[in-house]
Amino acid sequence: MSQKVLLSSKEINIILHRLACQLLENHLNFKDTVLIGLQPRGIYLAVRLAKILKEDYGVDHIDLGFLDITFFRDDFRRGDKTLEANKTKIDFLVEDKNVVFIDDVLYTGRSINAALTAIQSFGRPKEVELLTLIDRRFSRHLPIQPNYRGRQVDAINGEKVKVMWEENDGEDVVYLVKT
Amino acid sequence: MSELSVNHLLGIKYLKESDIQLIFETADHFKEVLNRSIKKVPSLRDITIANIFFENSTRTRLSFELAEKRLSADVVNFSAGQSSVKKGETLIDTVNNILSMKVDMVVMRHPNPGAGIFLSKHVKSAIVNAGDGAHEHPTQALLDSYSIREKLGDVSGKNVLIVGDILHSRVALSNIFALKLQGANVKVCGPKTLMPKYIESLGVEVEPDLRKALNWCDVANMLRIQNERLDISYFPTTREYTQQYGVNKALLNSLDKEIVIMHPGPINRGVEITSDVADSKQSIILDQVENGVAIRMAVIYLLASKIK
(Lines give C-alpha, C1' and ligand atoms only; values in the text may rest on other atoms or scores of the structure.)
Protein backbone atom coordinates (compact mmCIF):
# COMPACT_ATOMS: atom_id res chain seq x y z
CA MET A 1 0.00 0.00 0.00
CA SER A 2 1.39 3.39 -0.96
CA GLN A 3 -0.03 6.85 -0.52
CA LYS A 4 0.72 10.24 -1.93
CA VAL A 5 -0.33 13.64 -0.69
CA LEU A 6 -3.00 15.21 -2.87
CA LEU A 7 -3.53 18.31 -0.78
CA SER A 8 -1.42 19.72 2.04
CA SER A 9 -2.75 21.61 5.02
CA LYS A 10 -1.88 24.95 3.35
CA GLU A 11 -3.65 24.02 0.13
CA ILE A 12 -6.71 22.84 2.04
CA ASN A 13 -6.85 26.17 3.85
CA ILE A 14 -6.75 28.12 0.59
CA ILE A 15 -9.44 25.89 -0.94
CA LEU A 16 -11.71 26.23 2.12
CA HIS A 17 -11.53 30.02 1.86
CA ARG A 18 -12.29 29.90 -1.85
CA LEU A 19 -15.28 27.59 -1.25
CA ALA A 20 -16.51 29.90 1.52
CA CYS A 21 -16.29 32.87 -0.85
CA GLN A 22 -18.18 30.99 -3.57
CA LEU A 23 -20.93 30.12 -1.09
CA LEU A 24 -21.06 33.74 0.05
CA GLU A 25 -21.31 34.96 -3.54
CA ASN A 26 -24.41 32.85 -4.14
CA HIS A 27 -26.08 33.03 -0.73
CA LEU A 28 -25.04 36.45 0.66
CA ASN A 29 -26.33 36.60 4.26
CA PHE A 30 -27.41 32.93 4.52
CA LYS A 31 -30.89 34.00 5.63
CA ASP A 32 -32.63 31.40 3.47
CA THR A 33 -29.74 28.98 3.21
CA VAL A 34 -28.88 26.01 5.42
CA LEU A 35 -25.67 24.01 5.40
CA ILE A 36 -26.03 20.25 5.87
CA GLY A 37 -22.89 18.22 6.59
CA LEU A 38 -23.28 14.58 5.59
CA GLN A 39 -22.35 12.03 8.23
CA PRO A 40 -19.86 10.69 8.99
CA ARG A 41 -17.03 12.55 7.21
CA GLY A 42 -18.74 15.59 5.75
CA ILE A 43 -19.43 17.18 9.11
CA TYR A 44 -15.84 18.37 9.67
CA LEU A 45 -15.84 20.24 6.36
CA ALA A 46 -19.26 21.73 7.13
CA VAL A 47 -18.20 22.94 10.59
CA ARG A 48 -14.97 24.38 9.13
CA LEU A 49 -16.78 26.29 6.39
CA ALA A 50 -19.38 27.66 8.81
CA LYS A 51 -16.53 28.85 11.07
CA ILE A 52 -14.70 30.60 8.22
CA LEU A 53 -17.92 32.26 7.04
CA LYS A 54 -18.62 33.55 10.54
CA GLU A 55 -15.14 34.56 11.64
CA ASP A 56 -13.52 35.74 8.41
CA TYR A 57 -16.50 37.00 6.43
CA GLY A 58 -18.78 38.32 9.18
CA VAL A 59 -21.84 36.16 8.51
CA ASP A 60 -23.64 36.41 11.86
CA HIS A 61 -25.96 33.41 11.67
CA ILE A 62 -25.73 30.15 9.76
CA ASP A 63 -28.09 27.19 10.16
CA LEU A 64 -25.80 24.17 10.24
CA GLY A 65 -27.09 20.60 10.49
CA PHE A 66 -25.79 17.06 10.18
CA LEU A 67 -27.62 14.43 8.18
CA ASP A 68 -27.09 10.70 8.51
CA ILE A 69 -28.11 8.73 5.44
CA THR A 70 -27.52 5.16 6.71
CA PHE A 71 -31.19 4.14 6.70
CA PHE A 72 -31.65 5.61 3.20
CA ARG A 73 -28.74 3.83 1.53
CA ASP A 74 -29.39 1.45 -1.35
CA ASP A 75 -26.82 -1.14 -0.28
CA PHE A 76 -28.53 -2.48 2.86
CA ARG A 77 -27.75 -6.22 3.15
CA ARG A 78 -25.40 -6.07 0.15
CA GLY A 79 -22.22 -5.79 2.18
CA ASP A 80 -20.95 -8.17 4.86
CA LYS A 81 -21.40 -5.78 7.73
CA THR A 82 -24.42 -4.15 9.29
CA LEU A 83 -24.55 -0.50 8.27
CA GLU A 84 -23.87 1.55 11.35
CA ALA A 85 -25.79 4.77 11.81
CA ASN A 86 -24.58 8.18 12.99
CA LYS A 87 -26.40 11.05 14.60
CA THR A 88 -28.71 13.29 12.61
CA LYS A 89 -28.98 16.78 14.03
CA ILE A 90 -31.18 19.21 12.16
CA ASP A 91 -32.81 21.70 14.54
CA PHE A 92 -34.51 23.78 11.86
CA LEU A 93 -36.99 23.33 9.03
CA VAL A 94 -35.63 23.01 5.50
CA GLU A 95 -39.02 23.89 4.00
CA ASP A 96 -38.47 26.46 1.22
CA LYS A 97 -34.77 26.87 2.11
CA ASN A 98 -31.72 26.63 -0.10
CA VAL A 99 -29.97 23.52 1.14
CA VAL A 100 -26.25 23.01 0.59
CA PHE A 101 -25.07 19.42 1.10
CA ILE A 102 -21.47 19.27 2.22
CA ASP A 103 -19.35 16.12 1.91
CA ASP A 104 -15.64 15.41 1.76
CA VAL A 105 -15.47 13.17 -1.32
CA LEU A 106 -17.90 12.75 -4.20
CA TYR A 107 -17.40 9.29 -5.67
CA THR A 108 -20.29 7.20 -7.07
CA GLY A 109 -22.97 9.74 -6.13
CA ARG A 110 -25.02 7.13 -4.27
CA SER A 111 -24.63 8.84 -0.88
CA ILE A 112 -25.89 12.09 -2.36
CA ASN A 113 -28.79 10.22 -3.93
CA ALA A 114 -29.66 8.83 -0.49
CA ALA A 115 -29.25 12.27 1.07
CA LEU A 116 -31.68 13.76 -1.44
CA THR A 117 -34.30 11.27 -0.25
CA ALA A 118 -33.41 11.64 3.43
CA ILE A 119 -33.67 15.43 3.48
CA GLN A 120 -37.30 15.21 2.40
CA SER A 121 -38.16 13.96 5.88
CA PHE A 122 -37.37 17.47 7.09
CA GLY A 123 -39.44 19.40 4.57
CA ARG A 124 -39.37 20.39 0.91
CA PRO A 125 -36.29 22.45 0.14
CA LYS A 126 -36.50 25.23 -2.42
CA GLU A 127 -33.24 24.14 -3.98
CA VAL A 128 -30.44 21.69 -3.16
CA GLU A 129 -26.79 22.27 -3.98
CA LEU A 130 -23.74 20.13 -3.43
CA LEU A 131 -20.30 21.12 -2.18
CA THR A 132 -17.44 18.62 -2.02
CA LEU A 133 -13.79 18.99 -1.20
CA ILE A 134 -12.74 16.23 -3.60
CA ASP A 135 -14.58 15.35 -6.79
CA ARG A 136 -13.48 11.98 -8.16
CA ARG A 137 -14.01 12.28 -11.87
CA PHE A 138 -15.10 9.36 -14.11
CA SER A 139 -16.43 7.28 -11.20
CA ARG A 140 -20.07 8.33 -11.01
CA HIS A 141 -22.87 5.76 -11.05
CA LEU A 142 -25.56 8.44 -11.12
CA PRO A 143 -26.00 11.78 -12.88
CA ILE A 144 -24.91 13.89 -9.90
CA GLN A 145 -22.36 16.74 -10.08
CA PRO A 146 -21.16 19.19 -7.45
CA ASN A 147 -22.00 22.89 -7.57
CA TYR A 148 -18.85 23.74 -5.61
CA ARG A 149 -15.74 21.60 -5.76
CA GLY A 150 -12.42 21.90 -3.99
CA ARG A 151 -10.28 19.80 -6.27
CA GLN A 152 -11.06 17.42 -9.10
CA VAL A 153 -9.14 14.15 -8.93
CA ASP A 154 -8.72 11.38 -11.45
CA ALA A 155 -8.49 8.23 -9.36
CA ILE A 156 -9.00 4.70 -10.61
CA ASN A 157 -11.28 2.28 -8.80
CA GLY A 158 -8.56 0.50 -6.85
CA GLU A 159 -7.46 3.81 -5.35
CA LYS A 160 -8.94 5.54 -2.36
CA VAL A 161 -9.07 9.19 -1.43
CA LYS A 162 -8.57 9.77 2.28
CA VAL A 163 -9.45 13.17 3.75
CA MET A 164 -8.02 13.82 7.22
CA TRP A 165 -9.07 16.67 9.50
CA GLU A 166 -7.06 18.18 12.30
CA GLU A 167 -9.91 17.97 14.81
CA ASN A 168 -10.43 14.27 14.17
CA ASP A 169 -7.23 12.84 12.67
CA GLY A 170 -4.54 15.19 13.96
CA GLU A 171 -3.77 17.06 10.72
CA ASP A 172 -5.39 18.53 7.63
CA VAL A 173 -4.26 16.47 4.64
CA VAL A 174 -5.72 14.59 1.68
CA TYR A 175 -4.07 11.36 0.53
CA LEU A 176 -4.48 9.23 -2.56
CA VAL A 177 -4.03 5.67 -1.32
CA LYS A 178 -3.12 2.83 -3.69
CA THR A 179 -4.04 -0.63 -2.39
CA MET B 1 -18.69 -4.53 17.06
CA SER B 2 -21.49 -3.48 14.82
CA GLU B 3 -23.40 -6.69 14.42
CA LEU B 4 -25.61 -8.77 16.70
CA SER B 5 -24.10 -12.03 17.88
CA VAL B 6 -27.39 -13.83 17.17
CA ASN B 7 -29.52 -14.41 14.06
CA HIS B 8 -32.81 -14.58 15.99
CA LEU B 9 -34.12 -12.73 19.03
CA LEU B 10 -35.46 -15.65 21.05
CA GLY B 11 -34.70 -14.37 24.52
CA ILE B 12 -32.42 -12.06 26.47
CA LYS B 13 -30.69 -15.19 27.79
CA TYR B 14 -29.01 -15.64 24.41
CA LEU B 15 -27.72 -12.07 24.11
CA LYS B 16 -24.43 -10.53 25.17
CA GLU B 17 -24.12 -7.19 26.92
CA SER B 18 -22.62 -5.73 23.73
CA ASP B 19 -25.74 -6.80 21.79
CA ILE B 20 -27.92 -4.84 24.19
CA GLN B 21 -25.74 -1.74 23.84
CA LEU B 22 -25.82 -2.05 20.04
CA ILE B 23 -29.62 -2.31 20.10
CA PHE B 24 -29.82 0.77 22.36
CA GLU B 25 -27.48 2.84 20.19
CA THR B 26 -29.42 1.89 17.08
CA ALA B 27 -32.70 2.68 18.86
CA ASP B 28 -31.35 6.17 19.67
CA HIS B 29 -31.09 6.83 15.93
CA PHE B 30 -34.58 5.48 15.29
CA LYS B 31 -36.01 7.56 18.11
CA GLU B 32 -34.71 10.63 16.30
CA VAL B 33 -36.33 9.36 13.08
CA LEU B 34 -39.65 8.95 14.94
CA ASN B 35 -39.55 12.61 15.92
CA ARG B 36 -39.26 13.81 12.30
CA SER B 37 -42.26 15.04 10.40
CA ILE B 38 -41.88 12.05 8.07
CA LYS B 39 -41.28 9.13 10.42
CA LYS B 40 -40.22 6.59 7.87
CA VAL B 41 -36.98 5.26 6.40
CA PRO B 42 -36.63 2.99 3.36
CA SER B 43 -34.04 0.53 4.78
CA LEU B 44 -36.16 -2.63 4.72
CA ARG B 45 -38.05 -2.06 1.49
CA ASP B 46 -37.07 -5.53 0.22
CA ILE B 47 -37.97 -7.39 3.42
CA THR B 48 -41.28 -9.06 4.22
CA ILE B 49 -42.24 -9.74 7.82
CA ALA B 50 -45.03 -11.95 9.13
CA ASN B 51 -46.53 -11.14 12.53
CA ILE B 52 -47.89 -14.42 13.82
CA PHE B 53 -49.88 -14.09 17.03
CA PHE B 54 -51.24 -17.21 18.66
CA GLU B 55 -52.18 -15.16 21.71
CA ASN B 56 -53.98 -11.84 22.14
CA SER B 57 -51.99 -8.65 22.14
CA THR B 58 -52.69 -4.98 21.52
CA ARG B 59 -49.60 -3.01 22.41
CA THR B 60 -46.91 -5.44 21.31
CA ARG B 61 -48.54 -6.27 18.01
CA LEU B 62 -49.26 -2.66 17.17
CA SER B 63 -45.78 -1.65 18.21
CA PHE B 64 -44.15 -4.34 16.04
CA GLU B 65 -46.36 -3.49 13.09
CA LEU B 66 -45.58 0.22 13.38
CA ALA B 67 -41.86 -0.49 13.71
CA GLU B 68 -41.94 -2.68 10.59
CA LYS B 69 -43.88 -0.10 8.60
CA ARG B 70 -41.61 2.75 9.72
CA LEU B 71 -38.73 0.71 8.26
CA SER B 72 -40.68 0.25 4.99
CA ALA B 73 -40.94 -3.52 5.32
CA ASP B 74 -43.93 -5.34 3.86
CA VAL B 75 -46.07 -6.70 6.67
CA VAL B 76 -48.52 -9.59 6.83
CA ASN B 77 -50.56 -10.24 9.95
CA PHE B 78 -51.88 -13.50 11.20
CA SER B 79 -54.04 -14.30 14.19
CA ALA B 80 -54.51 -17.87 15.28
CA GLY B 81 -58.19 -17.24 16.02
CA GLN B 82 -59.12 -16.75 12.36
CA SER B 83 -56.77 -19.34 10.85
CA SER B 84 -56.33 -22.96 9.93
CA VAL B 85 -54.68 -23.55 13.31
CA LYS B 86 -58.25 -24.10 14.47
CA LYS B 87 -58.50 -26.87 11.84
CA GLY B 88 -55.59 -28.72 13.41
CA GLU B 89 -52.56 -27.47 11.47
CA THR B 90 -49.22 -27.80 13.32
CA LEU B 91 -47.00 -24.83 14.16
CA ILE B 92 -44.25 -25.82 11.69
CA ASP B 93 -46.76 -26.37 8.89
CA THR B 94 -48.44 -23.04 9.56
CA VAL B 95 -45.15 -21.17 9.54
CA ASN B 96 -43.67 -23.03 6.56
CA ASN B 97 -46.78 -22.24 4.56
CA ILE B 98 -46.33 -18.59 5.36
CA LEU B 99 -42.61 -18.74 4.56
CA SER B 100 -43.22 -20.37 1.18
CA MET B 101 -44.82 -17.07 0.26
CA LYS B 102 -41.30 -15.61 0.59
CA VAL B 103 -41.36 -14.10 4.04
CA ASP B 104 -37.96 -13.12 5.49
CA MET B 105 -38.76 -12.67 9.15
CA VAL B 106 -41.31 -13.99 11.60
CA VAL B 107 -42.44 -12.14 14.72
CA MET B 108 -44.25 -14.66 16.87
CA ARG B 109 -46.22 -14.69 20.09
CA HIS B 110 -47.19 -18.12 21.34
CA PRO B 111 -48.67 -19.46 24.59
CA ASN B 112 -46.07 -22.25 24.85
CA PRO B 113 -42.62 -21.52 26.34
CA GLY B 114 -39.85 -22.26 23.84
CA ALA B 115 -42.08 -22.01 20.76
CA GLY B 116 -39.69 -19.50 19.17
CA ILE B 117 -36.64 -21.65 19.85
CA PHE B 118 -38.40 -24.69 18.40
CA LEU B 119 -39.34 -22.74 15.30
CA SER B 120 -35.84 -21.33 14.80
CA LYS B 121 -34.50 -24.87 14.58
CA HIS B 122 -36.99 -25.98 11.97
CA VAL B 123 -37.63 -23.10 9.62
CA LYS B 124 -35.38 -20.88 7.53
CA SER B 125 -36.24 -17.38 8.66
CA ALA B 126 -35.20 -14.87 11.28
CA ILE B 127 -37.43 -15.30 14.33
CA VAL B 128 -38.33 -12.59 16.82
CA ASN B 129 -39.97 -13.79 19.98
CA ALA B 130 -42.83 -11.45 20.91
CA GLY B 131 -43.62 -13.47 24.03
CA ASP B 132 -43.64 -17.23 24.54
CA GLY B 133 -45.81 -18.36 27.43
CA ALA B 134 -44.23 -17.67 30.81
CA HIS B 135 -40.73 -17.84 29.31
CA GLU B 136 -39.44 -14.62 27.70
CA HIS B 137 -40.58 -11.36 26.20
CA PRO B 138 -37.23 -9.93 25.07
CA THR B 139 -38.34 -6.73 23.32
CA GLN B 140 -40.33 -5.70 26.41
CA ALA B 141 -37.24 -6.14 28.62
CA LEU B 142 -35.13 -4.19 26.11
CA LEU B 143 -37.56 -1.29 26.02
CA ASP B 144 -37.82 -1.34 29.83
CA SER B 145 -34.04 -1.09 30.20
CA TYR B 146 -33.90 1.51 27.43
CA SER B 147 -36.49 3.60 29.29
CA ILE B 148 -34.48 3.33 32.53
CA ARG B 149 -31.34 4.36 30.65
CA GLU B 150 -33.19 7.31 29.17
CA LYS B 151 -34.61 8.43 32.54
CA LEU B 152 -31.62 7.73 34.80
CA GLY B 153 -28.70 7.88 32.37
CA ASP B 154 -27.53 4.34 32.93
CA VAL B 155 -28.83 0.91 33.95
CA SER B 156 -25.61 -0.31 35.52
CA GLY B 157 -25.57 0.04 39.31
CA LYS B 158 -29.26 1.00 39.56
CA ASN B 159 -31.60 -0.72 42.00
CA VAL B 160 -34.57 -2.17 40.18
CA LEU B 161 -37.55 -3.74 41.89
CA ILE B 162 -40.03 -6.01 40.11
CA VAL B 163 -43.35 -6.39 41.93
CA GLY B 164 -46.11 -8.91 41.37
CA ASP B 165 -46.62 -12.23 39.67
CA ILE B 166 -43.04 -13.30 38.98
CA LEU B 167 -44.02 -16.94 38.49
CA HIS B 168 -46.15 -16.46 35.37
CA SER B 169 -44.40 -13.40 34.00
CA ARG B 170 -42.24 -13.57 30.90
CA VAL B 171 -41.68 -9.84 31.34
CA ALA B 172 -40.13 -10.49 34.76
CA LEU B 173 -37.79 -13.21 33.51
CA SER B 174 -36.58 -11.26 30.48
CA ASN B 175 -36.17 -8.17 32.63
CA ILE B 176 -34.12 -10.04 35.21
CA PHE B 177 -31.78 -11.40 32.50
CA ALA B 178 -31.44 -7.98 30.84
CA LEU B 179 -30.93 -6.02 34.07
CA LYS B 180 -28.36 -8.47 35.48
CA LEU B 181 -26.48 -8.47 32.17
CA GLN B 182 -26.20 -4.69 32.37
CA GLY B 183 -25.02 -4.69 35.96
CA ALA B 184 -28.18 -3.54 37.75
CA ASN B 185 -29.22 -4.81 41.18
CA VAL B 186 -32.54 -6.61 41.08
CA LYS B 187 -35.03 -7.44 43.83
CA VAL B 188 -38.45 -8.99 43.45
CA CYS B 189 -41.48 -8.56 45.67
CA GLY B 190 -44.83 -10.37 45.67
CA PRO B 191 -46.85 -13.15 47.29
CA LYS B 192 -44.75 -16.19 48.07
CA THR B 193 -47.12 -18.31 46.01
CA LEU B 194 -46.19 -16.28 42.92
CA MET B 195 -42.41 -16.60 43.38
CA PRO B 196 -40.60 -19.23 41.30
CA LYS B 197 -38.78 -21.82 43.43
CA TYR B 198 -35.38 -21.12 41.93
CA ILE B 199 -35.64 -17.33 41.77
CA GLU B 200 -32.52 -16.80 43.88
CA SER B 201 -30.39 -18.82 41.45
CA LEU B 202 -30.88 -15.94 39.00
CA GLY B 203 -28.98 -13.65 41.35
CA VAL B 204 -32.14 -11.93 42.49
CA GLU B 205 -33.11 -11.17 46.06
CA VAL B 206 -36.66 -11.63 47.33
CA GLU B 207 -38.00 -8.84 49.55
CA PRO B 208 -41.46 -9.67 50.89
CA ASP B 209 -42.06 -6.23 52.45
CA LEU B 210 -43.20 -3.81 49.75
CA ARG B 211 -42.40 -0.62 51.69
CA LYS B 212 -38.84 -1.77 52.43
CA ALA B 213 -38.38 -2.82 48.82
CA LEU B 214 -39.66 0.49 47.48
CA ASN B 215 -37.34 2.40 49.81
CA TRP B 216 -34.42 0.40 48.42
CA CYS B 217 -35.12 0.84 44.72
CA ASP B 218 -34.57 3.56 42.11
CA VAL B 219 -37.12 2.02 39.76
CA ALA B 220 -40.18 -0.13 40.50
CA ASN B 221 -41.59 -2.21 37.65
CA MET B 222 -45.16 -3.09 38.61
CA LEU B 223 -46.40 -6.24 36.88
CA ARG B 224 -49.98 -7.02 36.05
CA ILE B 225 -51.83 -9.78 37.83
CA GLN B 226 -52.38 -12.16 34.92
CA ASN B 227 -55.78 -13.55 35.79
CA GLU B 228 -55.80 -15.57 32.57
CA ARG B 229 -52.78 -17.59 33.73
CA LEU B 230 -53.90 -18.08 37.32
CA ASP B 231 -55.34 -21.57 37.10
CA ILE B 232 -55.61 -21.92 40.87
CA SER B 233 -56.02 -19.37 43.63
CA TYR B 234 -52.58 -17.95 44.47
CA PHE B 235 -53.82 -15.28 46.88
CA PRO B 236 -57.10 -14.94 48.81
CA THR B 237 -58.65 -11.92 47.07
CA THR B 238 -57.64 -9.16 44.67
CA ARG B 239 -58.41 -6.67 47.44
CA GLU B 240 -55.94 -8.35 49.78
CA TYR B 241 -53.30 -8.42 47.02
CA THR B 242 -53.77 -4.68 46.47
CA GLN B 243 -53.47 -3.96 50.18
CA GLN B 244 -50.15 -5.80 50.42
CA TYR B 245 -48.55 -5.32 47.00
CA GLY B 246 -50.39 -2.43 45.37
CA VAL B 247 -48.80 1.02 45.13
CA ASN B 248 -50.88 4.11 45.80
CA LYS B 249 -49.96 7.78 45.90
CA ALA B 250 -49.85 7.93 49.72
CA LEU B 251 -47.31 5.09 49.83
CA LEU B 252 -45.26 6.69 47.06
CA ASN B 253 -45.21 10.07 48.82
CA SER B 254 -44.17 8.51 52.13
CA LEU B 255 -40.95 7.04 50.68
CA ASP B 256 -37.48 8.42 51.46
CA LYS B 257 -36.82 9.32 47.81
CA GLU B 258 -38.61 9.80 44.51
CA ILE B 259 -38.65 6.57 42.55
CA VAL B 260 -39.53 5.84 38.93
CA ILE B 261 -42.68 3.78 38.28
CA MET B 262 -42.89 1.43 35.31
CA HIS B 263 -45.60 -0.93 34.09
CA PRO B 264 -45.50 -3.18 31.01
CA GLY B 265 -49.26 -2.77 30.46
CA PRO B 266 -52.10 -3.44 30.29
CA ILE B 267 -52.71 -1.84 33.69
CA ASN B 268 -55.34 -3.14 36.07
CA ARG B 269 -55.99 0.30 37.53
CA GLY B 270 -56.61 0.08 41.24
CA VAL B 271 -55.03 -3.38 41.56
CA GLU B 272 -51.23 -3.22 41.16
CA ILE B 273 -51.15 0.59 40.95
CA THR B 274 -53.78 3.25 41.47
CA SER B 275 -54.71 5.70 38.72
CA ASP B 276 -53.00 8.65 40.40
CA VAL B 277 -49.73 6.69 40.47
CA ALA B 278 -50.05 5.53 36.86
CA ASP B 279 -50.67 9.10 35.72
CA SER B 280 -48.14 10.76 38.06
CA LYS B 281 -44.93 12.51 37.04
CA GLN B 282 -42.92 9.61 38.44
CA SER B 283 -44.52 7.18 36.01
CA ILE B 284 -42.76 6.53 32.68
CA ILE B 285 -45.39 4.08 31.45
CA LEU B 286 -46.19 6.00 28.26
CA ASP B 287 -42.49 6.60 27.57
CA GLN B 288 -42.08 2.82 27.65
CA VAL B 289 -44.71 2.46 24.93
CA GLU B 290 -43.06 5.18 22.84
CA ASN B 291 -39.64 3.61 23.23
CA GLY B 292 -41.09 0.24 22.27
CA VAL B 293 -41.36 1.25 18.64
CA ALA B 294 -37.75 2.53 18.47
CA ILE B 295 -36.44 -0.62 20.19
CA ARG B 296 -38.38 -2.92 17.85
CA MET B 297 -37.16 -0.96 14.84
CA ALA B 298 -33.59 -1.45 16.07
CA VAL B 299 -34.05 -5.19 16.66
CA ILE B 300 -35.68 -5.74 13.27
CA TYR B 301 -33.11 -3.58 11.45
CA LEU B 302 -30.15 -5.37 13.05
CA LEU B 303 -31.60 -8.86 12.47
CA ALA B 304 -32.65 -8.03 8.89
CA SER B 305 -29.15 -6.86 8.05
CA LYS B 306 -27.94 -10.41 8.83
CA ILE B 307 -30.34 -12.02 6.35
CA LYS B 308 -28.33 -12.83 3.23
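Residues are numbered from 1 along each chain as its sequence is written, while chains are lettered from A and ligands numbered from 1 in the order in which they are written. Because the model is predicted, local features need pLDDT of at least 70 and side-chain atom pairs count only at pLDDT 80 or more, whereas totals for chains, interfaces and linings use all residues.

**View 1. The elements and outline of chain A.** Chain A holds 4 helices and 8 strands, where helices (H or I, at least four residues) and strands (E, at least two) are DSSP runs numbered from the N terminus. Read from the N terminus, their order is β-α-β-α-β-β-α-β-β-β-α-β. The radius of gyration of chain A, taken over C-alpha atoms, is 16 Å, close to the 16 Å given for 179 residues by the globule rule, so chain A is as compact as a globular protein of that length; the rule itself is 2.2 Å times the number of residues to the power 0.38. Along its principal axes, the C-alpha trace of chain A spans about 45 × 40 × 30 Å.

**View 2. The two domains of chain B.** Chain B is divided into domain 1 (12-136 + 289-304) and domain 2 (138-288), with bounds that come from an automatic or database domain assignment. Taken over C-alpha atoms, the centres of these domains of chain B are separated by 25 Å.

**View 3. Where the domains of chain B touch.** In chain B, 23 residues of domain 1 are in contact with 23 residues of domain 2, contact being defined as C-beta atoms, placed from the backbone, within 7 Å of each other. On the side of domain 1 of chain B that touches domain 2, the elements giving two or more residues are α1 (17-34), β4 (126-132) and α11, and α11(B) gives the most, with 7 residues.

**View 4. The largest nonpolar core.** This core has 137 residues, among which M105(B) and L161(B) touch the most other members; a nonpolar core is a set of buried Ala, Val, Leu, Ile, Met, Phe, Trp, Tyr and Cys residues joined through C-beta atoms within 7 Å, and buried means that 20 or more other C-beta atoms lie within 10 Å of a residue's own, C-beta atoms being placed from the backbone. Helix α11 (residues 285-304) of chain B gives the most to this core, with 11 residues. Domain 1 and domain 2 of chain B both give residues to this core, so it lies between them.

Notes: A residue is buried if 20 or more other C-beta atoms lie within 10 Å of its own, exposed if 12 or fewer, and partly exposed in between; C-beta atoms are placed from the backbone. Two residues are in contact if their C-beta atoms, placed from the backbone, lie within 7 Å.
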